[in-house]
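Here are a few friendly notes to read alongside the model. Keep the ligand in view as you go through them.

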Amino acid sequence: MREFKLFIDGQYCDAASGETYNSIHPGNGEVIATIAKAGPDDVARACTAAQAAFDGGWGAMTSAERSTILARAAELLLERAEEFAQLEMADVGKPINEARNIDIPVAASYLQWYSEVTDAAAGQTIPVPDPGQVDFTLYEPYGVVGGIAPWNFPLFLGILKIGPALATGNCIVLKPASITAMTTSAVCELFAEAGLPAGALNVVIGPGSTVGEAIVTDPHVRMVSFTGSTAVGRRIIELSQHNITNVSMELGGKSPNIIFADADFDQAVAGAVFGVLLNNGQNCIAGTRVLVEKPIYDDVVAAVADKMASLKVGNPADESTQLGAIVSQQQFDTVTGYIEIGKSEGARLVCGGSVPGGPEFAGGFYVQPTLFADVTNEMRVAREEIFGPVLVAIPFEDEADAIRIANDTDYGLGSGVFTTNADRIQRMVRALKSGTVYVNCYNAVYPQSPFPGWRQSGNGVERGMAGLFTYVRIKNVIQDLSGQPIGWF
Ligand code: NAD
């Protein structure tokens, strides 16, 4: 059985308390690893090491040197891609093909991109009225950044914090979710091998209520980048008031995926299914509410149900598996609980809704992909984030009705629109209140693209060039060129 440790000040180490816990394979319930369980003392040590690295070796490096290290780490990740894919598969329960084709190469591509933008946070020269003075801005790193990540794409979302933090010259103390910590721990070795100085990257693993809160309130930490649920995001914003710490929030969603009668039917059906089922629906931007224009509603519901029912749910390690396990017993209980809520609210179960039977599913947390039809936007299954393979279908009358239903949510992470009408596309992308809008596609991500959350899906922006500026703070400089004494005293 493997052991995964904390990574503090350039060294793998046990928790100060010596405590560990077990990591479970969600596909079969077996214990696959022991994980060091940090506490507040370990966080304090990690934050002190990060500050020392910022004040020392890492802080003194040029942007070109930072670039070389990040690019090498990306290369090393690709060289060891299969090993990381296997770890991610066993930790999250996602199909091996998804881990191989998405999680690991996408994480490496983001890291590579961050290596290319280490000098990109450029300031401005600002014209000021006094010709004897010049004003310019600098963007400088915060120093120590705290990162807190969820369990759904552990390595990818960890790299989304490590990459921009290090690219802009910060040091980082990162906490992965306890239930999926293996790849975040393992990746530190690659950064060390790539030449990252001790203390620039630290990984502490443990419960959010102790380790997470200790990161947010540590006096060295000047910015916290959080990805996770809206409820925990709210708690972190409260805690950030203590030290007036900057926070960047990437939170939950209940994204609408809108299909108009003039859409390319096959493209829209594929978009609805892939939109919700990537990573078994455990995806923040998942298109969990499919809104369908009435003339094609019955046909779309039938085609989506057929497609969902044809997908192979099974052992995540199996090459032919399309949907693996739900990440944990707790999340399994949440998802199956929402399926019961949907039934009791009067939604029509069209497919799935059950736990697959058979010896290959023994001990694992499996749920059949599930479609509810004739859902109203007031039902809990249409309003609350389920975070599993559950899609709700809602009919709509016309464009105005679609916009009204789509925007009637507390969230604002993503939206999808399927239509062949070019004028309608322009109206819809402006009317939808979400940080991302997909048109005739869904779930695409690129390092260059910003990923903002609107309303209760987040604040600020991560990813893309706009997201790079989340990791730096602005400094304004006014310099006198006239040589004259200043003031009126
Ligand atoms: P979560 O909010 O329960 O946990 C996220 C992280 O926060 C974990 O590391 C957890 O240990 C930590 N945490 C928990 N309590 C804390 C506290 N009091 N202080 C500090 N840290 C604390 O989320 P989850 O269940 O791991 O992940 C699923 C959620 O993440 C969903 O809501 C999903 O939409 C969201 N998510 C959002 C994005 C995005 O980019 N917007 C991406 C992926 C996931």
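1. Start with the domains. In this predicted model, the shell around the ligand takes at least three residues from domain 1 (2–251 + 458–476) and at least three from domain 2 (256–439).

2. Next, look at who is in that shell. The ligand is surrounded by 28 residues, and the closest are A149, K175, E213, S229 and E385. Sorted by class, the shell holds 15 nonpolar, 7 polar and 6 charged residues.

3. Now zoom in on the polar contacts. E213, one of the closest residues, has a polar side-chain atom 2.7 Å from a nitrogen atom of the ligand. In W151, a side-chain N or O atom is 2.8 Å from an oxygen atom of the ligand. G208 uses its backbone instead: an N or O atom there lies 3.4 Å from a ligand nitrogen.

4. How much of the ligand's accessible area does the protein cover? On its own the ligand has 850 Å², and the protein covers 88% of that.

5. Finally, find the place itself. The ligand takes up the space of the largest pocket. The elements giving two or more residues to the shell are α8 (208–217), β11 (221–227) and α9 (230–240).

Note on methods: Residues numbered from 1 in each chain as written. Predicted model: local features only at pLDDT ≥ 70, side-chain atom pairs only at ≥ 80, totals over all residues. Heavy atoms only, no water. Near = heavy atom within 4 Å. Polar contact = N/O pair within 3.5 Å; in protein donor to acceptor, adjacent residues only side chain to side chain. Areas by Shrake-Rupley, 256 points an atom, 1.4 Å probe, with all protein chains shown as cover. 1 Å grid on protein atoms, 1.4 Å probe; cavity = no way out; pocket = protein on both sides within 12 Å on 5 of 7 lines; lining within 4 Å. Sits in = over half its atoms within 2 Å of the grid points. Helix = DSSP H or I, 4+ residues; strand = E, 2+ residues; numbered from the N terminus. Nonpolar A, V, L, I, M, F, W, Y, C, P; charged D, E, K, R; others polar. Domains from an automatic or database assignment.
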